[in-house]
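Please look at the sequence and the structure shown here. The text after them walks through some contacts between side chains.

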Amino acid sequence: MAKSLAMLGKKFERTLGMKEYKLLSWPDLPAEFRRTGFRRLLSDLSQRHISEASLLKRDGVKPAEVRALLQFLATRNVLDVRTAAPATGRWRPDFAGWFRRLTA
């Protein structure tokens, strides 16, 4: 099982980039994806678009397993994939606006 997950993950790894994923519908999962960690990932994916980096930070699931799950979902056509919006740079607070509201 671990070997097949690793192979799926490596094949899918080449197609990953700055992408975000969202689950379109809940699939029937094979036995290797029926652990609690995978169900948590699916729950996150069902609620919003989420990046691979965010998925990899979840406890209980190894990076190769996350990639294998994404590959499985992509082959079942239940995964919406979009390019992530580029970062606009550092976030800078608007101190002038904050100060105006504070003193008004």
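The paragraphs below take the salt bridges and then the aromatic pairs.

The model is a predicted one. Searching the whole structure gives four salt bridges. One of them joins the side chains of Arg82 and Glu20, with 2.8 Å from N to O. Its partners come from distant parts of the chain: Arg82 belongs to strand S3 (residues 79-83) and Glu20 to strand S1 (residues 19-23), and 62 residues separate them. Is each partner buried or exposed, or something in between? Arg82 has a relative accessible area of 41%, so Arg82 is partly exposed. Glu20 has a relative accessibility of 17% and counts as buried, because buried means under 20%.

Another salt bridge forms between the side chains of Arg35 and Glu65, at 3.2 Å from N to O. Arg35 sits in the loop between S1 and helix H2 (36-47), while Glu65 sits in helix H4 (residues 63-75), so this contact ties together parts that are 30 residues apart in sequence. Arg35 is partly exposed, at 33% relative accessibility. Glu65, in contrast, is buried, with a relative accessible area of 11%.

Helix H4 also holds Arg67. The side chain of Arg67 meets that of Glu52 in a salt bridge of 3.0 Å, N to O. Glu52 is in helix H3 (residues 52-56), so the pair ties together parts 15 residues apart in sequence. Here both partners, Arg67 and Glu52, are buried.

Now for the aromatic rings. How is a pair of aromatic rings described? The description uses the distance of the centres and the angle of the planes. Across the whole structure, the search finds two aromatic pairs. In the pair of Phe33 and Phe38, the ring centres are 5.1 Å apart and the planes lie at 85°, so the pair is edge-to-face; the cut-off for that label is an angle over 60 degrees. Phe33 and Phe38 are both buried.

Phe33 also pairs with Phe72, and this pair is tilted, with 5.3 Å from centre to centre and 40° between the planes. The pair links distant parts of the chain, since Phe33 is in the loop between S1 and H2 and Phe72 is in helix H4, 39 residues apart. Phe33 counts as buried at 1% relative accessibility, and Phe72 is buried as well, with a relative accessible area of 8%. Together, Phe33, Phe38 and Phe72 make up one aromatic cluster.

Terms used. Residues numbered from 1 in each chain as written. Predicted model: local features only at pLDDT ≥ 70, side-chain atom pairs only at ≥ 80, totals over all residues. Heavy atoms only, no water. Helix = DSSP H or I, 4+ residues; strand = E, 2+ residues; numbered from the N terminus. Buried < 20%, exposed > 50% of the residue type's maximum accessible area, 1.4 Å probe, protein only. Phe/Tyr/Trp six-rings, centres within 6.5 Å; stacked < 30°, edge-to-face > 60°.
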